[in-house]
There are 2 protein chains.
Amino acid sequence: MAFEGADPGTVRPGGRTARVRASVLRAAGDALAEHGFAHLDLADIARRAEVGKTTVYRRWGTVTGLVADLLLDMAEQSLPRTETGSLLGDLKANARLVQRTLADPRQGALFKAVIAAATCEAKTAQALHRFYDIRVEEWAPCVQQAIDRGEVPEGTDAHEVIRAVSAPLYYRLLTGSGHLDEAAADQAAEAAVAAARAGAYLIDRSEC
Amino acid sequence: MAFEGADPGTVRPGGRTARVRASVLRAAGDALAEHGFAHLDLADIARRAEVGKTTVYRRWGTVTGLVADLLLDMAEQSLPRTETGSLLGDLKANARLVQRTLADPRQGALFKAVIAAATCEAKTAQALHRFYDIRVEEWAPCVQQAIDRGEVPEGTDAHEVIRAVSAPLYYRLLTGSGHLDEAAADQAAEAAVAAARAGAYLIDRSEC
DNA sequence: TAGTTAACGAAACTGGAGTCCCGTTATGGC
DNA sequence: GCCATAACGGGACTCCAGTTTCGTTAACTA
């Protein structure tokens, strides 16, 4: 006898259950990239995934719930970061990775849709938050190395520097100001380095 | 005899038509702030606005269409910018204005919803784009003044500097990393100034 | 490898978002 | 002030997103 409140998919997570999840999440990504967050239909996703409509509703319930799970899945697939030996080089590599992702029609649309979904439900917002935490955590060490090399002042908030690289690219993506080209990526990296050198991202900021 | 294709509200825009628009846009803002973009119901907005459901559907049709019109309305109400005499002072004033707006529960939720809506339809995205263009245009002169004073190198892209101030605040709002407090606003302003001084926002960037 | 039951899937069902119809109100031009 | 008609509003209607039901399939355990 199972505990009544257990979520479907948690007791027998292997085999078919895992295949269904993978198939549905892939279909969800495709559908989000194509139709955007608003014009999304779970029945359409079920059709693409060759899965029963009932299954999608039972396991994920809502579009935002499905996106939250998609984000958990996306968070697990992290790309290895490159190391170039200088902070500017590392951050440019990071910026170009973000830029290429957001400029790609499918991926860019997907990220827009995922961000839109996150504004609509706390659980989805939390999943998005977690996704970016992981990405930032992945890249933060290159800032620490720069601190160790003396490129950037002691006490610089490494996480904040990484976020500073992404922020202008996402801002452009969402507000639609200008193209997301390599120049934009390089500019974001250079601005972050210049600001970090000047001590704009020091952790202890009691007086400036 | 009227031209069949004319949109409702364009032939007799005064009196009742204007009152209905104002009432519906206010109700739409309230509803967006409360329920978010996804859980929005045009019938609910009609009820709040004390207007017929049919009217809302006839004039705006969809949620994204209504948000697009709301953005046109928001773009018209611009706040006067303050002048402090230094670039850092001006940008801090700008940053704090943005931060206070986004940190405010109602306004913050409204902006999230509006951005979400803009990811779902081109017309709405264009309206959002236009809204930010106006805001950026409004604040760009303070960067030009800094260039004239010699605070910042000749050829600095004034618009890009203004966007650089907002970007990290919006990034925090959407990805949910940390609180949007005054320290975040000041940091955004300081980082923008430092990057601008270092020439990160020069227009001609053939080689760096 | 057999038994238990978690998880899936097809089909019927339902409620409410969005549409349509037509009578009423009030704007803008004279 | 008066007329033509743009724009509004109530109510009936439709259609499909989301739910419920129940029979089928296939994980996990021993």
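Predicted model: local features only at pLDDT ≥ 70, side-chain atom pairs only at ≥ 80, totals over all residues.
**Chain A**

Buried residues make up 50% of its 208 residues; buried means under 20% relative accessible area, exposed over 50%, and partly exposed in between, with a 1.4 Å probe and protein chains only. I then listed the secondary structure. Chain A has nine helices and zero strands. From the N terminus on, its elements run α-α-α-α-α-α-α-α-α. Helices (H or I, at least four residues) and strands (E, at least two) are DSSP runs, numbered from the N terminus. Taken along the principal axes, the C-alpha atoms of chain A fill a box of roughly 60 × 40 × 30 Å. I also checked contacts, meaning heavy atoms within 4.5 Å. Among those in chain A between residues at least 6 apart in sequence, 69% join residues at least 24 apart.

Notes on the numbering and the model: residues are numbered from 1 along each chain as its sequence is written, while chains are lettered from A and ligands numbered from 1 in the order in which they are written. Local features need pLDDT of at least 70, side-chain atom pairs count only at pLDDT 80 or more, and totals for chains, interfaces and linings use all residues, while side-chain values use heavy atoms, with hydrogens and water left out.

**A:Tyr132**

I picked A:Tyr132 next. It sits in helix α7 (residues 122-149) of chain A. A:Tyr132 is buried, because its relative accessible area is 3%. Leaving aside neighbours within four places in sequence, I found A:Tyr132 in contact with A:Phe111, A:Ile115, A:Tyr170, B:Tyr171 and B:Thr175. The side chains of A:Tyr132 and A:Tyr170 are joined by a polar contact of 2.9 Å. A polar contact is a pair of N or O atoms within 3.5 Å; within protein, one must be able to donate a hydrogen and the other to accept it, and residues adjacent in sequence count only if both atoms are side-chain atoms. I also took the C-alpha separation of A:Tyr132 and A:Leu71, which is 9.9 Å for residues 61 apart along the chain.

**Chain B against chain A**

I turned to the interface. In chain B, 36 residues are in contact with 36 residues of chain A. The two chains bury about 3300 Å² between them, 63% of it on carbon and sulfur atoms. Buried area is the accessible area (1.4 Å probe) that two parts lose on being put together, summed over both. In chain B, B:Thr119, B:Tyr171 and B:Gln187 lose the most area to chain A, together 19% of what that side buries.

I then superposed the copies by least squares on the C-alpha atoms of residues with pLDDT of at least 70 in both. A rotation of 180° with 0.0 Å of shift along its axis puts chain B on chain A, RMSD 0.0 Å. The two copies are therefore related as by a two-fold rotation axis. In chain B, the C-alpha nearest the axis belongs to B:Ala116, 2.1 Å from it.

**DNA strand C**

Last, I listed the residues around DNA strand C. There are 25, and A:Val11, A:Gly52, A:Arg59, B:Arg12 and B:Gly14 come nearest; near means that a heavy atom of the residue lies within 4 Å.

A backbone N or O atom of A:Thr10 lies 3.2 Å from a phosphate oxygen of DNA strand C. A polar side-chain atom of A:Thr54 is 2.9 Å from a base nitrogen. For B:Arg16, a side-chain N or O atom is 3.0 Å from a base oxygen.
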